[in-house]
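Hi everyone, thanks for coming.

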Amino acid sequence: MKLAILGAGAWGTALAIAFSRHHQVTLWARDAAQIAQMAEARANRRYLPDCPFPDSLTLNADLAGALLDAELVLIVTPMAGLRPTLKALTALPVLPPVLWACKGFEAGSSLLPHQVVAEELPADHPCGVLSGPSFAREVAQGLPAAVTVASDDGDFAARVARELHSPLLRLYANDDLVGVEVGGAVKNVMAIATGVADGLDFGLNARAALITRGLAEITRLAMALGASPQTMMGLSGMGDLILTCTGALSRNRQVGLKLAEGKPLPQVLDELGHVAEGVATAREVLTMAERLQVDMPITAAVCGLLYQGHDPKQVVAGLLGRSPKSESGAMLD
């Protein structure tokens with residue numbers, strides 16, 4: 001299959017490397033200087049300097065050229081780049097089927113990626129999301145991983161999963177588009193909370209409690225938006241949550257760890273050097289939860305930490321000291 005991957009950050013580069021082992025892949029970035037540097041080095045020195053490009057991987061700074069004869073387009077930008085990229089695609093004469101790997105809610109509108117896509121692409125255009133527990137560096141290095149392809153069109157998801165599936169990057173099809181996107185977005189918020197708890201040395205028991213209750217929050221929101229609870233127990237739910245909350249390569253967990261050191265958010269993000277989607281996502285998730293009357297105390301606590309200057313120790317202690325409830329959510333007498 002001939003693929004065009006749009007976005008040369010860590011994840012876009014990793015997918016380009018992984019898929020080029022079995023497919024014809026062109027990696028595109030809007031910055032021509034970045035493409036030229038990567039073409040010369042045969043590596044993305046900024047994000048994955050120790051992951052050389054396969055000889056078969058092509059680079060192109062011209063969008064039309066990158067999409068020439070492409071059978072599938074993968075948009076792998078931060079959430080803020082999804083809509084502009086879609087607009088650029090629709091201006092071209094031919095539009096192949098589209099996958100996106102953006103995780104989060106659009107700032108200001110609180111729209112999930114598929115809702116942004118629905119506003120920009122023609123109705124019934126073949127499309128879906130690629131999501132799941134996967135660190136870019138490990139995928140680029142050829143370590144095993146498993147992710148989900150989800151679409152409202154189950155046949156399309158199954159077809160793409162079959163085409164792109166390989167022993168090292170296993171793809172599973174799913175028709176719960178909302179559930180997969182919500183899981184991929186909100187787990188980043190939970191990873192910030194878990195990073196704070198870890199940074200404060202609250203221990204492994206506290207980490208397990210936050211992850212488990214975080215999954216409950218994600219599930220409540222996903223179901224309120226029409227998702228299946230079963231999806232939350234799969235790769236893009238529990239799987240992605242566990243990885244992001246515990247893995248040393250998690251950017252969102254790193255945000256929490258740095259906040260626990262008492263560093264202000266601007267300094268944290270500057271030191272990180274990568275996009276941590278959970279920072280912007282937290283506010284959108286809380287806005288949506290309040291509108292839908294979904295109880296999300298961890299999300300609210302993270303927002304207080306990020307945007308209201310709340311003390312990290314008090315935030316985590318407040319979460320762990322909440323009134324007892326049954327696991328289904330009812331208050332205990």
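First, a word on burial: a residue is buried under 20% relative accessible area, exposed over 50%, and partly exposed in between, using a 1.4 Å probe and protein chains only. This is a predicted model, in which local features need pLDDT of at least 70, side-chain atom pairs count only at pLDDT 80 or more, and totals for chains, interfaces and linings use all residues. Residues are numbered from 1 along each chain as its sequence is written, and side-chain values use heavy atoms, with hydrogens and water left out.

So, which residues does the "binding site" annotation cover? The unreviewed UniProt entry lists K103, R251 and N252; positions follow the numbering used here, feature names are shortened, and annotations may be inferred rather than shown by experiment. The three are spread over 150 residues of sequence, yet they cluster in space, with a largest C-alpha distance of 13.2 Å.

Now to helix α11, residues 251–260; helices here are DSSP runs of H or I, at least four residues, numbered from the N terminus. Both R251 and N252 sit in it. Is N252 buried or exposed? At 6% relative accessibility, N252 is buried, while R251 is partly exposed at 34%.

For contacts, meaning heavy atoms within 4.5 Å, and leaving out residues up to four places away in sequence, N252 touches N188, A191, I192, A276, E277, G278 and V279. With that same exclusion, R251 touches L272, H274, V275 and A276.

That L272 belongs to α12, where L265 and V268 are buried too. Part of their cover comes from α11.

Notes: Helix = DSSP H or I, 4+ residues; strand = E, 2+ residues; numbered from the N terminus.
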